[in-house]
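Dear colleague,

Here is the structure I promised to pass on to you. My notes on what was found in it follow below, and I would be glad if you read them with the model open beside you.

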Amino acid sequence: MAGVMAGAMADVLGGGEMTDWGQDWGHVSVLRSEAIALLAVRSGGVYLDATLGAGGHGAAILAADPTVRLVGVDRDETALEIARDRLGAWGDRVTYVHSNFADYQPEPGQTFDGILADLGVSSMQFDRGDRGFSFRHDAPLDMRMDQRQPLTAAAVVNTWDEVDLANLIYQYGEERLSRRIARRIVEGRPFETTGALATAIFHGVPASYRHGRIHPATRTFQALRLAVNGELDALDRFLEQAPTWLAPGGRIALISFHSLEDRRVKHGLRQNPDLTLLTKKPILPTEAEQAANPRSRSAKLRGAERRAIPEVTSDQSHGSKGDRPPSKYRAKRDRP
């Protein structure tokens, strides 16, 4: 029986090796072994995978120790269905929550020994043409991670004014040609598909800009996705709340994929007085992982640990002789 279970776990993890980055369930987990090492999984611990996705990191947490439990949160219902299938072998050790990680609230009194978040859009979402995250597939301009929300990329592209579009593309896409691209969008709209929008952007920039390292529409698509899903605002709220969910000594590990995310993660961890930074510099994918999964090249892993809460002794709470200031600083007793 143990051999059968071990084989099942190996299948779920993708070959049974923490260093195997083979594609499973349509998604490749980035920095998987590094993230698990950073979390330092404790026996009997409770862990939160705040971006469960297809369950790759969650599976690695569960496989690290047979007594740990996992709460998996994701705003994408399709991803949760895949994770339920992938993590089914662990049964009731896993709890699934359909929510944005910024809106999630633990049960009263619940704390975690570790929290993991793999930010941004997953390979699985990029590769599904019907979701509109990528212009590699001609699909409706959707880009919603949570299909329950009303705002779509088509609404942003076709209704926002030129100035707002330019500001969005500049700030969230860090695109230096944002004004030119916004003008082209306004002149050519309405747009209904990713292919039509990408083609318009391609022909709206100078010829010298069309054949660079990335497609000229890449940054605009990033900006639209971030706006549609409110990703940066959600990340800010999560960074404020998540450390309070950690037990003393618990750890948080965050994987980012672009500078807008990484800056927030870096400053959020450094500036939190309840955390001790574990990564002065981000942990990057190895050359082997980058070769096997080119999308991992921009990934950065950062982590921190919740400081222990100092115990208050009876002497500290009521004051003791040793706590009294030197006599020259004491208030003099009034004379009768």
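Two rings of Phe, Tyr or Trp (for Trp, its six-membered ring) are taken as a pair if their centres lie within 6.5 Å, and the pair is called stacked when the planes are under 30 degrees apart, edge-to-face when they are over 60, and tilted for the rest. Please keep in mind that this is a predicted model, in which local features need pLDDT of at least 70 and side-chain atom pairs count only at pLDDT 80 or more, while totals for chains, interfaces and linings use all residues. Residues are numbered from 1 along each chain as its sequence is written, and side-chain values use heavy atoms, with hydrogens and water left out.

By the ring rule there are four aromatic pairs, and ring pairs link Phe101, Tyr104, Phe238 and Trp245 into a cluster. The rings of Tyr104 and Trp245 have centres 5.5 Å apart and planes at 90°, so this pair is edge-to-face. Because Tyr104 lies in the loop between β3 (94-98) and β4 (112-118) and Trp245 in the loop between α11 (231-241) and β5 (246-256), the pair ties together parts that are 141 residues apart in sequence; helices (H or I, at least four residues) and strands (E, at least two) are DSSP runs, numbered from the N terminus. Phe238 and Trp245 also pair edge-to-face, because their ring centres are 6.1 Å apart and their planes are at 70°. Buried here means under 20% relative accessible area, with exposed over 50% and partly exposed in between (1.4 Å probe, protein chains only); Tyr104 counts as buried at 9%, Trp245 at 6% and Phe238 at 1%.

Of the 336 residues of the protein, 48% count as buried, and the secondary structure comes to 14 helices and seven strands.

Arg306, in strand β7 (residues 300-306), is buried yet has no salt bridge, and the nearest side chain of opposite charge, Asp274, is 4.4 Å away. A salt bridge requires a side-chain nitrogen of Lys or Arg within 4 Å of a carboxyl oxygen of Asp or Glu, and for charge Lys and Arg count as positive and Asp and Glu as negative, with His and the chain ends not counted. Not counting residues up to four places away in sequence, Arg306 touches, among others, Pro243, Thr244, Asp274 and Leu275, where contact means heavy atoms within 4.5 Å.
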